Amino acid sequence: MIFSCTQKVRNKLKKFHPIGSETCEPAMQNWYVDIVRVHRKEHLLFTHSLSLYSLILYCRTPKEKKGLATLFQAKLAKALLEDFGLRGLQEIEKISGEVVVYTKTNSRAILGSMNDFKWQIAVAVAHHGIPAAEVDSLRYSINDCPMRLIDYSNGQAEMAKLLMK
């Protein structure tokens, strides 16, 4: 599994994980990682490079930052199981225990989509009064939003297509 991290994320993780200087092309096992602030707390926004399927993960302590890959895999497993059932379960089995490589980002288009997601999260929190404990519920709204990069489909539909292969 590959985590393509923005500069801000690399700066936060460099004392816990080796960061490679190479970049990777978007692929099935590539996730882009950026920081999003919700209720004055920094969360990590993970976006799949092919489908734009996204997850929000709160990672605050050094122990959690060191075990980021394990936390992410557990969060992804739960999300895939909730959203896709058995198809998600098969994908979970593929990724469990995979070595994670931390690299630089490569695609400005994916980063632009992530910026759109960050604005949607900020608006949802500000206008709909999403409490800090329910930030994870924003996953449904950002994965349901049509995005130009994937031909005005949404992250959930695109991830379902990828899981069908």
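Strand E1 (residues 2-5) runs parallel to strand E6 (residues 101-104), and four bridges join the two. The model is predicted. E6 also pairs with strand E2 (residues 19-23), again in the parallel sense, over two bridges.

**Strand pairing**
- Within the pairing of E1 and E6, Ser4 has Thr103 of E6 as its bridge partner.
- Within the pairing of E2 and E6, Thr23 has Lys104 of E6 as its bridge partner.

**Helices H3 and H7**
- Two packed helices are described by the distance between their axes and the angle between them.
- The axes of H3 and helix H7 (residues 155-164) come within 11 Å and cross at roughly 90°.
- Because the crossing angle is roughly 90°, H3 counts as roughly perpendicular to H7.
- On the H3 side, the contact is made by Leu80, Asp83 and Phe84.
- On the H7 side, Gln156, Met159, Ala160 and Leu163 take part.
- By class, the residues of this contact are five nonpolar, one polar and one charged.

**The largest pocket**
- The volume of the largest pocket is about 160 Å³.
- Its lining consists of 13 residues, and those nearest the pocket centre are Lys12, Glu42, Leu44, Cys59 and Lys65.
- At least two lining residues come from each of helix H1 (7-13), strand E4 (41-48) and strand E5 (54-58).
- H1 gives the most to this lining, with four residues.
- The lining of the largest pocket holds seven nonpolar residues, one polar residue and five charged residues.

**Cavities**
- Rolling a probe the size of a water molecule over the atoms shows where empty space is left.
- Two cavities of 30 Å³ or more are found in a search of the whole structure.
- The second largest cavity contains about 30 Å³ of space.
- Which residues line the second largest cavity? They are Lys75, Lys78, Ala79, Glu82, Asp136 and Arg139.
- Helix H3 (residues 68-84) supplies the largest share of that lining, four residues.
- The lining of the second largest cavity has five charged residues and one nonpolar residue, with no polar ones.

How values were computed:
Residues are numbered from 1 along each chain as its sequence is written. This is a predicted model: local features need pLDDT of at least 70, side-chain atom pairs count only at pLDDT 80 or more; totals for chains, interfaces and linings use all residues. Side-chain values use heavy atoms; hydrogens and water are left out. On a 1 Å grid over the protein atoms alone, a cavity is a set of points where a 1.4 Å probe fits but cannot get out, and a pocket is an open set with protein on both sides within 12 Å along at least five of seven lines; lining residues have an atom within 4 Å of a point. Grid points are joined across faces, edges and corners, and a volume is the space filled by probe spheres set on the points. Ala, Val, Leu, Ile, Met, Phe, Trp, Tyr, Cys and Pro count as nonpolar, Asp, Glu, Lys and Arg as charged, and the others, Gly among them, as polar. Two strands pair if DSSP finds at least two bridges between them. Axes are lines fitted to C-alpha atoms, for helices over the stretch in contact, and angles run from 0 to 180 degrees between N-to-C directions. Angles under 35 degrees count as roughly parallel, over 145 as roughly antiparallel, 65 to 115 as roughly perpendicular and the rest as oblique. Contact means heavy atoms within 4.5 Å.
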